[in-house]
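Me: Can you zoom in on one part of this model for me and walk through how it fits with its surroundings? Keep it chatty, but give me the cut-offs as you go.

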Amino acid sequence: MSLTTDVFTYNRPGYYRVYYIVTKSQDVATALETPHPVVLMFWASWNEPCKVMMRPFWDLAVAKRKEAVFLRVDIDKFRDIVEQYQVEALPTFLLIKGGVVKGRVVGAKVDELNTAIKARI
């Protein structure tokens with residue numbers, strides 16, 4: 001299982017969500033209402049650094065699946081969330097605990113993302 005599956009149910013017995021792709025703005029609020037840390041990846045399908053970071057994000061989500069909720073936010077679809085968190089470059093990763101941003105990693109920086117997640121989750 002995973003905490004992401006606990007928050008966003010998955011109707012396939014024996015499977016779990018590694019991360020959740022945000023489909024409405026309320027999804028982020030739902031995740032933040034839980035007592036668990038939340039990791040947001042702001043991305044765009046047309047952005048090459050975002051494509052590079054998809055696999056490392058997946059790997060981290062698998063490794064930390066019992067410790068945090070992982071979400072992917074498409075910046076082209078959710079401008080309100082992008083503005084709320086002042087995302088100015090891609091990809092941007094936010095680590096949120098208790099509604100407070102505890103860490104931010106900007107760019108395709110696998111080692112920095114690894115370090116930030118391990119230190120704060």
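Reply: **The sheet and its helices**

Strands E2 (38-43) and E4 (92-97) run antiparallel and are joined by 5 bridges; helices (H or I, at least four residues) and strands (E, at least two) are DSSP runs, numbered from the N terminus. Within that pair, valine 38 sits opposite isoleucine 96 of E4. Bear in mind that this is a predicted model, where local features need pLDDT of at least 70, side-chain atom pairs count only at pLDDT 80 or more, and totals for chains, interfaces and linings use all residues. Residues are numbered from 1 along each chain as its sequence is written, and side-chain values use heavy atoms, with hydrogens and water left out.

Step back and you get an open sheet of 5 strands, ordered E1-E3-E2-E4-E5 with mixed pairing (two strands pair if DSSP finds at least two bridges between them). E1 (20-21) and E5 are at the edges with a single partner strand each, so one side of each has no neighbour in the sheet.

Now the helices. H3 lies across E2, E3 and E4, at about 165 degrees to E2. H5 packs on the sheet too, touching E2, E3, E4 and E5, and its direction makes about 165 degrees with that of E5. Contact here means heavy atoms within 4.5 Å; axes are lines fitted to C-alpha atoms, for helices over the stretch in contact, with angles from 0 to 180 degrees between N-to-C directions.

H5 (residues 110-120) has Leu113, Ala116 and Ile117 as its buried residues (under 20% relative accessible area; exposed is over 50%, partly exposed in between, with a 1.4 Å probe and protein chains only). These cover an arc of only 95 degrees, which puts them on the same side of H5; the arc is that of the directions from the helix axis to the C-beta atoms. On the face turned away are the exposed Asp111, Thr115, Lys118 and Ala119.

As for confidence, E2 has the highest mean pLDDT in the protein chain, 97 (pLDDT is the predictor's confidence in each residue, from 0 to 100).
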